[in-house]
Amino acid sequence: EYILAIETSCDETAAAIIRDGKTIVSNIVASQMDSHSRFGGVVPEVASRHHVEQVTMVIQQALEEAQVTPKQLTAVAVTEGPGLVGALLVGIQAAKTFAFCHQLPLINVHHIAGHIYAAQLSEPLTFPLIALIVSGGHTELIYMKEHGSFETIGQTRDDAAGEAYDKVARVVGLPYPGGPEIDRLAAVGEANIPLPRAWLEEGSLDFSFSGLKSAVLNAWHNAKQRGETIDAADMAASFQASVIEVIVAKTKEAVKQTNARQLIVAGGVASNKGLRAAIQSEFNQSEVVVTIPPSAFCTDNAAMIGAAASMAWARGIRAPLSLNARPSYPLSQWLSGENNS
Ligand code: ATP
Ligand code: MG
Ligand code: FE
């Protein structure tokens with residue numbers, strides 16, 4: 001089984017060929033980072049335009065590198081949502097056109113399911129499992145009792161983890177995207193600035209990062225007003241310590257509550273070195289299998305979409321050529337049939 005997967009939900013134009021849902025035959029990612037960084041964030045219209053320019057070439061490259069012809073393909077998979085509507089539409093149109101021209105079935109994939117199934121490119125999934133999603137738009141704890149079953153047991157009430165990283169980075173004067181910059185600085189800074197931890201109600205698996213973000217902002221500006229300066233590396237380290245402490249504790253609680261046998265950490269922030277190390281050491285002594293994909297498969301890519309598509313394909317999921325983008329899209333609705341009209 002060979003699946004051509006296409007991902008254009010945000011600011012990377014990506015295509016990949018995946019064999020049997022677990023082997024990467026080719027994986028092409030064209031990032032638009034440079035175009036967006038001068039605006040300090042992703043500009044939706046700019047993203048769509050770049051996708052239009054890149055998508056055909058990226059698909060071509062994925063096929064060439066894999067040395068796979070359209071005839072050998074089993075299906076074409078594409079990210080249906082969530083994401084930027086204009087960006088999603090470019091990938092969806094490309095996938096539909098390719099599927100139509102080559103008479104191939106089309107598979108619609110949920111972007112967050114893709115982030116989770118990136119883990120399957122490293123090792124098989126063992127159920128029940130907990131997936132911790134920490135990305136630019138999501139911070140969630142998802143319980144999976146089997147393939148294709150997604151129950152959200154915790155989520156952010158305000159900002160996503162990646163969003164908090166990007167905003168804090170901006171406050172301390174780091175370029176976009178701020179996550180990797182904070183990660184780099186945190187490693188050399190001292191976590192010596194007192195910042196809050198948002199535990200919420202006793203036993204809650206929900207997250208909140210907006211208070212922490214405000215605390216960073218206030219500390220930074222108050223110091224400035226007093227004519228003092230805070231070391232950016234110390235601020236990065238302090239912020240990161242707060243984020244990691246809460247995420248690790250809630251993840252541990254989720255694993256405990258559900259008797260999970262595997263923990264997957266996924267999404268862009270899962271490439272954070274501090275978070276990876278903290279999770280690994282927390283579960284070091286436990287029997288839980290911890291899977292954190294290599295950094296390149298934590299941030300957006302199409303290989304993960306291919307891995308999720310393979311699972312969906314096995315469950316009979318097929319999308320019509322009338323498939324539309326779903327900019328906001330609850331994960332629980334993906335395989336429920338509500339979208340496959
Ligand atoms: P979503 O997947 O929720 O739709 P997205 O696709 O925009 O959002 P991803 O590409 O999964 O998000 O992740 C991007 C986010 O990850 C950005 O906020 C970025 O700052 C953050 N990020 C990337 N690398 C790191 C890192 N090393 N440390 C912390 N954050 C990071
Ligand atoms: Mg991105
Ligand atoms: Fe993503």
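1. Leaving aside residues up to four places away in sequence, H111 touches S9, T79, G81, P82 and G83. H111 itself lies in helix α4, which covers residues 111-117. H111 is buried, because 27 other C-beta atoms lie within 10 Å and 20 or more are enough to count.

2. The peptide bond from G81 to P82 is cis, and its omega is near -5°. P82 is found in the loop that links β4 (75-81) to α3 (85-101).

3. The annotation deserves a look here. An unreviewed UniProt entry gives "binding site" for H111, H115 and D300. These residues span 190 residues in sequence, yet no two of their C-alpha atoms are more than 8.9 Å apart, so they gather at one spot.

4. D300 sits in a loop, between β10 (289-291) and α10 (303-314). D300 counts as buried, with 27 C-beta neighbours inside 10 Å. Its contacts, not counting residues up to four places away in sequence, are E7, S9, C10, E12 and A14.

5. Five strands form an open sheet in the order β8-β7-β6-β9-β10, and the pairing is mixed. β8 (151-155) and β10 stand at the edges with a single partner strand each, so one side of each is left without a neighbour in the sheet. On average, neighbouring strands of this sheet are turned by 20° against each other, direction ignored.

6. Within the sheet, β6 (residues 129-134) and β9 (residues 262-266) run parallel and are joined by five bridges. L132 stands opposite V265 of β9. Helix α8 (residues 232-258) lies across β6, β7 (139-144), β8 and β9. The helix runs at about 160° to β6.

7. Next, a helix pair. The axes of α5 (residues 161-171) and α6 (residues 178-186) come within 7 Å and cross at roughly 70°. That makes α5 roughly perpendicular to α6. On the α5 side the contact is made by G162, Y165, D166, V168, A169 and R170. The α6 side supplies G178, G179, E181 and I182.

8. The loop between α5 and α6 holds P177. The peptide bond from Y176 to P177 is cis, with omega near -5°.

9. Q103 is not a glycine, yet has a positive phi of about 55°. Q103 lies in the loop between α3 and β5 (106-110). Q103 is exposed, with 8 other C-beta atoms within 10 Å. L200 is also a residue other than glycine with a positive phi, near 60°. L200 lies in the loop between α6 and α7 (210-225). With 14 C-beta neighbours inside 10 Å, L200 counts as partly exposed.

10. Finally, confidence. The chain averages a pLDDT of 96, and 99% of the residues score at least 70. For the complex, the predictor gives an ipTM of 0.98 and a pTM of 0.96. Where pLDDT is low, the predicted coordinates should not be read in detail.

Terms used:
Residues numbered from 1 in each chain as written. Chains lettered and ligands numbered in written order. Predicted model: local features only at pLDDT ≥ 70, side-chain atom pairs only at ≥ 80, totals over all residues. pLDDT = per-residue confidence, 0-100. UniProt positions renumbered as here; feature names shortened; annotations may be inferred. Helix = DSSP H or I, 4+ residues; strand = E, 2+ residues; numbered from the N terminus. Buried ≥ 20, exposed ≤ 12 C-beta atoms within 10 Å, placed from the backbone. Contact = placed C-beta atoms within 7 Å. Pairing = 2+ DSSP bridges. Axes fitted to C-alpha atoms, helices over the stretch in contact; angles between N-to-C directions. Parallel < 35°, antiparallel > 145°, perpendicular 65-115°, else oblique.
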